[in-house]
Amino acid sequence: MDAEFWLERWREGRTHFHQQEVMPLLCKHWPALQVPAGARVLVPLCGKSLDMPWLASQGFGVLGVEISPLAVEQFFAEHGLQPAVRDSDQGRHYVAGDIEIICGDIFELNAQTLAGCRGVYDRAALIALPADMRPAYVDHVYGQLPEGCAGLLITLDYPREQMQGPPFSVPDDEVQTLFASRTSASVLERRDILPDEEKFLRAGVQRLDTVVYRLATGR
Ligand code: SAH
């Protein structure tokens with residue numbers, strides 16, 4: 001799953017993953033994390049998610065990272081924002097108020113930038129990546145977030161043989177293996193969402209759960 005795959009999805013408007021409302025599971029579980037007010041929250045593989053303005057509205061600084069320039073430009077245009085733009089070796093930075101999105105590859109994000117984040121919100125990010133990329137992603141991102149960083153991870157869990165991702169099924173045993181070295185991942189909620197997911201029903205998937213984890217670095 002290379003960058004071109006995603007750039008093409010955005011060019012063709014095949015962005016089924018984008019939700020027209022703020023993720024209810026974010027609103028429900030974020031406050032309990034007690035991320036300090038004003039802290040910077042990393043949103044890896046952010047797309048043009050409405051969860052970013054929600055986080056900003058709760059008093060956080062948002063740092064999104066997204067590889068598709070179309071997604072980033074649509075985000076700011078759809079919110080009527082005119083970002084300041086500058087380039088660095090991490091990509092093109094778009095900044096408007098409390099929201100910054102770096103248009104670039106998550107693997108180019110450097111240690112200093114990651115060390116400046118105190119919160120993280122991973123929805124449709126880990127599960128957007130194929131199995132062979134997930135360990136490197138978790139090492140790169142979660143391995144460099146500072147100690148005491150808290151966040152939410154939202155996954156899908158379905159029988160792998162019943163549908164081709166993305167989004168991929170990342171069951172709990174894989175989550176625990178991926179995060180074992182440094183970050184604790186504890187289940188906050190598991191919810192059956194199959195009845196609401198047309199695409200999965202059509203594909204003949206027989207079980208589909210979304211799982212919300214509380215992440216804490218520095219264990
Ligand atoms: N989290 C968002 C988008 C999920 S889809 C949401 O909830 O709506 C995954 C997104 O990751 C896509 O927008 C894709 O363009 C982006 N992406 C994929 N690989 C990436 C990479 N290596 N670096 C940064 N962004 C990437």
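Residues are numbered from 1 along each chain as its sequence is written, and side-chain values use heavy atoms, with hydrogens and water left out. Because the model is predicted, local features need pLDDT of at least 70 and side-chain atom pairs count only at pLDDT 80 or more, whereas totals for chains, interfaces and linings use all residues.

**Exercise 1. Determine which strands pair with β6, and how the chain passes from β6 to β7.**

Step 1. Helices (H or I, at least four residues) and strands (E, at least two) are taken as DSSP runs, numbered from the N terminus, and two strands pair if DSSP finds at least two bridges between them.
Step 2. Between β6 and β7 the chain passes through helix α6 (residues 134-142) in a right-handed β-α-β crossover (with the strands pointing away from the viewer, the path from the first strand over the helix to the second runs clockwise).

**Exercise 2. Decide whether H18 is buried or exposed, and list its contacts beyond four places in sequence.**

Step 1. H18 lies in the loop between α1 (3-12) and α2 (24-33).
Step 2. Its relative accessible area is 14%, so H18 is buried (under 20%, with exposed meaning over 50% and partly exposed in between, for a 1.4 Å probe and protein chains only).
Step 3. Leaving aside neighbours within four places in sequence, H18 is in contact (heavy atoms within 4.5 Å) with K48, S49 and L50.

**Exercise 3. Examine the salt bridges E100–R40 and R207–D157, and state where their residues lie.**

Step 1. A salt bridge requires a side-chain nitrogen of Lys or Arg within 4 Å of a carboxyl oxygen of Asp or Glu.
Step 2. In the pair of E100 and R40 the closest N and O atoms are 2.5 Å apart, and the pair links strand β5 (residues 99-103) with strand β1 across 60 residues.
Step 3. E100 is buried at 11%, while R40 is partly exposed at 27%.
Step 4. For R207 and D157 the closest N and O atoms are 3.4 Å apart; R207 lies in the loop between α8 (198-202) and β9 (209-217) and D157 in strand β7, so the pair ties together parts 50 residues apart in sequence.
Step 5. D157 and R207 belong, with R190 and D209, to a network of salt bridges.
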